[in-house]
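Here is a short briefing to read alongside the sequence and the 3D view. Keep both open, and look up each residue as it comes up.

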Amino acid sequence: MSTPYYLRNHWYVAAHAFELTGTKPIARTICDQAVVIFRGEDGEVGILGDRCPHRFAPLSTGEVCGNAIQCGYHGIRFDRDGQCTHIPGGLPVPHDFKAKHYPALERHGFIWIWMGEQAANPALIPDFHENADPGWAPVPGYLNLFCNYQLMVDNLLDLTHVVFVHKTTLAGGGVTETPLEVKVEGDRVSAQRMMFNVDTAPIFRAARGLAGNIDRWQIFEATPPCYIKITLGAREAGATTPLGEPVHMVLNGLTPESATRTHYFWSTTRPWGLGDKKIDELYRSMIELAFNEDKAIVEAQQRLISADADNVLFVNFPFDRAGQSARRILKRLMSEEQAAGKKLAAAE
Ligand code: FES
Ligand SMILES: [Fe+2]
């Protein structure tokens, strides 16, 4: 058995909820598996393997009919459980004629897919309510990255890079000089960097008018396999705004497409300026610029990693500790999952 690169029995973000409109399904590859994502007339979401069991045409060539998906080749329909519901010409439906089915859920403005064989556990979906609850103004986005998802997890858990990679948006004083405090509790990694009386950052100047010195904070919560919630805040140096209060948060879901490609679903969300299109636009343009800078770096890393026949290991420094801890936890969970799979196979 080859070394796994993702945790099977977990939820992954398959799409932003707003992507599913009308009768057009979405074709996407998740963890090397081609799937079709669709929303029935009743609003519920379904995810099936993107291969019609009749003659193997992609189901995504078809369209949604009622609460089922109709294959684009000969018009056979399948419901959200993958069960065939209709064969043109009034032919009887064999009861075991099915498309592959994946558990799917819509929560926090995202569509989630469960990739494993064990029963899907909704409690494992991370708390990203700030992407959907009233009182928050989310600005969501997506990037396809040509790299392994763990490189982007590392990137998000070590924001010292903002100073060098995001000079016109997220940079600012205090970041490289202030140590990252890291805490590991069970499978969760939390970290923070609190900075006082430092140069402002372009994003806080543009969004909040903070032009002089500021107090600034970066707070991270990482849950396996690929979820990172970041709270970013600032106040005029010495002001009374409580430390830790967000100016904005960034919710990140990094879904493996393959071992070397990643669906990066993000949402920058804030509890102020609700309905203010200008502020939305400011966030969209700054964050898109910054995340495309990240894309260039992580893809360049992947090219060199893929070209390295010797598998040379990374070198770690204290500012890598959060990312390193997240990698260690994921590695343990993947080994445990693999060992449990082997035990089950041996018992059968
Ligand atoms: S291949 Fe789908 S209906 Fe024939
Ligand atoms: Fe970045």
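D32 sits in the loop that joins strand 2 to strand 3 (33-39). In this predicted model, D32 has a positive phi of about 70° even though it is not a glycine.

**Backbone details in loops**

- D32 counts as partly exposed because it has 13 C-beta neighbours inside 10 Å, and a residue needs 20 or more to be buried and 12 or fewer to be exposed.
- F56 is another residue other than glycine with a positive phi, here near 70°.
- You will find F56 in the loop between strand 4 (45-49) and strand 5 (63-65).
- Is F56 buried or exposed? It is exposed, because 8 other C-beta atoms lie within 10 Å.
- The peptide bond from P224 to P225 is cis, and its omega is near 0°.
- P225 itself belongs to the loop between strand 15 and strand 16 (227-236).

- How many residues does the contact take from each domain? Domain 1 gives 10 residues and domain 2 gives 12 residues.
- On the side of domain 1 that touches domain 2, strand 1 (11-16) and strand 2 (26-30) supply at least two residues each.
- Strand 1 provides the largest share of that side of domain 1, with 3 residues.
- Sorted by class, the side of domain 1 that touches domain 2 holds 5 nonpolar, 4 polar and 1 charged residues.

- A27 is found in strand 2 and is partly exposed, with 13 other C-beta atoms within 10 Å.
- Leaving out residues up to four places away in sequence, A27 touches A34, V36, D50, P58 and S60.
- A27 and M195 are 168 residues apart along the chain, and their C-alpha atoms are separated by 44 Å.
- G46 lies in strand 4 and is buried, because 24 other C-beta atoms lie within 10 Å.
- With residues up to four places away in sequence not counted, the contacts of G46 are F38, G40, R80 and A104.
- G46 and G82 are 36 residues apart along the chain, with 8.8 Å between their C-alpha atoms.

**Helix 4**

- Helix 4 (residues 277-307) has 31 residues and should span 45 Å at 1.5 Å a residue; the 44 Å between its end C-alpha atoms agrees with that.
- The buried residues in helix 4 are Y283, M286, I287, A290, F291, D294 and V298.
- What do the buried residues of helix 4 pack against? Their partners are strand 12 (137-145), helix 1 (149-157), helix 2 (162-165), helix 3 (202-208) and strand 18 (261-270).
- T168 is in the loop between helix 2 and strand 13, and it counts as exposed because 11 other C-beta atoms lie within 10 Å.

- Helix 5 (residues 321-347) has 27 residues and reaches 39 Å from its first C-alpha to its last, close to the 39 Å expected at 1.5 Å a residue.
- Which residues of helix 5 are buried? They are A322, G323, A326 and L330.
- The cover over the buried residues of helix 5 includes helix 1, strand 13 (181-185), strand 14 (188-198) and strand 15 (214-223).
- Helix 1 and helix 5 pack at an angle of about 145°, and their axes are 7 Å apart.
- The crossing of helix 1 past helix 5 is right-handed.
- Where they meet, helix 1 brings Q150, V153, D154 and L157, while helix 5 brings A322, G323, A326 and R327.
- By class, this contact of helix 1 with helix 5 has 4 nonpolar, 2 polar and 2 charged residues.

Key. Residues numbered from 1 in each chain as written. Chains lettered and ligands numbered in written order. Predicted model: local features only at pLDDT ≥ 70, side-chain atom pairs only at ≥ 80, totals over all residues. Helix = DSSP H or I, 4+ residues; strand = E, 2+ residues; numbered from the N terminus. Expected span 1.5 Å × (residues − 1). Contact = placed C-beta atoms within 7 Å. Nonpolar A, V, L, I, M, F, W, Y, C, P; charged D, E, K, R; others polar. Axes fitted to C-alpha atoms, helices over the stretch in contact; angles between N-to-C directions. Left-handed = near helix turned anticlockwise from the far one by under 90°.
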